[in-house]
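Colleague: I would like to go through this model with you and ask how each label was reached. Please set the values against the definitions as we go.

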There are 2 protein chains.
Amino acid sequence: MLEPILRELSRGDCLGLLGSAAVGRVGISIDAMPAVLPVNFALHEQTIVFRSGPGTKLSAATCGAVVAFEADGYDAEGHTGWSVMVRGVAHEITDAALLEQVRTLPLDSWALGDHADHFVSIETTLVTGRRFDR
Amino acid sequence: MLEPILRELSRGDCLGLLGSAAVGRVGISIDAMPAVLPVNFALHEQTIVFRSGPGTKLSAATCGAVVAFEADGYDAEGHTGWSVMVRGVAHEITDAALLEQVRTLPLDSWALGDHADHFVSIETTLVTGRRFDR
């Protein structure tokens, strides 16, 4: 079995790849257990933004907490691809001017259900990523 | 914006979808922070199996711990799709007979680097999933 060639990516490369993706996964703790939930997201001024519902487990577990965020892309056979992981503090966006901006982002709430009218941001404090090829 | 139609999936449906996927993400804690790492995986007798390297952060954080595992699939626009989350205890596979079986699984170590000659299993203790459509 061929071993992959791995290349670490710069912060700029990672943010570029995040800008090209639409679906990522948020890593949080729910009921003292790790959980990974998919979200439709967009990058807004170097910050991850996604929609969430008030009172959901996702909202409760993210806001004010350090969370992980991952996005990736790969070919059908899984032989080449990339992955980026962000770790930073998540906040509910409450600033009126910022809310007006993020409401224009192409964000669905497909994985979350109805009433996902809250917006959550994740700071891109720690960003790591790599490309793999063979 | 149209809201999605969500349908909860049975355990059987979830395992069927996992069997059709090749890439998932493991949610763990590294250095007291959540982390989400992609892995190439296979389903072996209702257990998630992936390759890992000895001494890696992934190995250290998974073995003996309760971890989350997520896989998903969606159309290019992100309008329809599915996601499944598994939570259960991860173990390094050390049983010789079982190792012989899992070595035949179509598992690459692409996201992990060289020397990923260890195999980790995740019990499918808690399985949840849903389909979304609009």
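Modeller: In chain A, 53% of the 134 residues are buried. Buried means under 20% relative accessible area, exposed over 50%, and partly exposed in between, with a 1.4 Å probe and protein chains only. The model is predicted, so local features need pLDDT of at least 70 and side-chain atom pairs count only at pLDDT 80 or more, while totals for chains, interfaces and linings use all residues. Residues are numbered from 1 along each chain as its sequence is written, chains are lettered from A and ligands numbered from 1 in the order in which they are written, and side-chain values use heavy atoms, with hydrogens and water left out.

Colleague: Why is Ser83(A) called buried?

Modeller: Ser83(A) has 9% relative accessibility. The limit for buried is under 20%, so Ser83(A) counts as buried.

Colleague: What does Ser83(A) touch, leaving out residues up to four places away in sequence?

Modeller: Its contacts (heavy atoms within 4.5 Å) include Glu70(A), Asp72(A), Arg130(A) and Pro38(B). Ser83(A) itself is found in strand E6 (residues 81-92) of chain A.

Colleague: How many helices and strands does chain A have?

Modeller: Chain A has 3 helices and 8 strands. Both are DSSP runs numbered from the N terminus: helices are H or I with at least four residues, strands are E with at least two. Along the sequence the pattern reads β-α-β-β-β-α-β-β-α-β-β.

Colleague: What makes the buried residues of helix H1 (residues 11-20) of chain A lie on the same side?

Modeller: The buried residues in H1(A) are Cys14(A), Leu15(A), Leu17(A) and Leu18(A). They cover an arc of only 160° around the axis, so they are on the same side of H1(A). The arc is that of the directions from the helix axis to the C-beta atoms. On the face turned away from that buried side are the exposed residues Gly19(A) and Ser20(A). The cover over the buried residues of H1(A) includes strand E4 (47-52) and strand E8 (126-133) of chain A.

Colleague: Why is the pair of Phe41(A) and Phe69(A) called edge-to-face?

Modeller: A pair of aromatic rings is described by the distance of the centres and the angle of the planes. Rings of Phe, Tyr and Trp (its six-membered ring) pair if their centres lie within 6.5 Å; planes under 30 degrees apart count as stacked, over 60 as edge-to-face and the rest as tilted. For Phe41(A) and Phe69(A) the centres are 4.8 Å apart and the planes are at 70°, so the pair is edge-to-face. Phe41(A) lies in strand E3 (residues 33-44) and Phe69(A) in strand E5 (residues 66-74), so the pair ties together parts that are 28 residues apart in sequence.

Colleague: Which residues form an aromatic pair in chain B?

Modeller: Phe41(B) and Phe69(B) do, also edge-to-face, at 4.8 Å centre to centre and 70° between the planes. The search over all chains finds 2 aromatic pairs.

Colleague: How do you know whether Phe41(B) is buried or exposed?

Modeller: Phe41(B) has a relative accessible area of 2%, so it is buried. Phe69(B), at 0%, is buried too.
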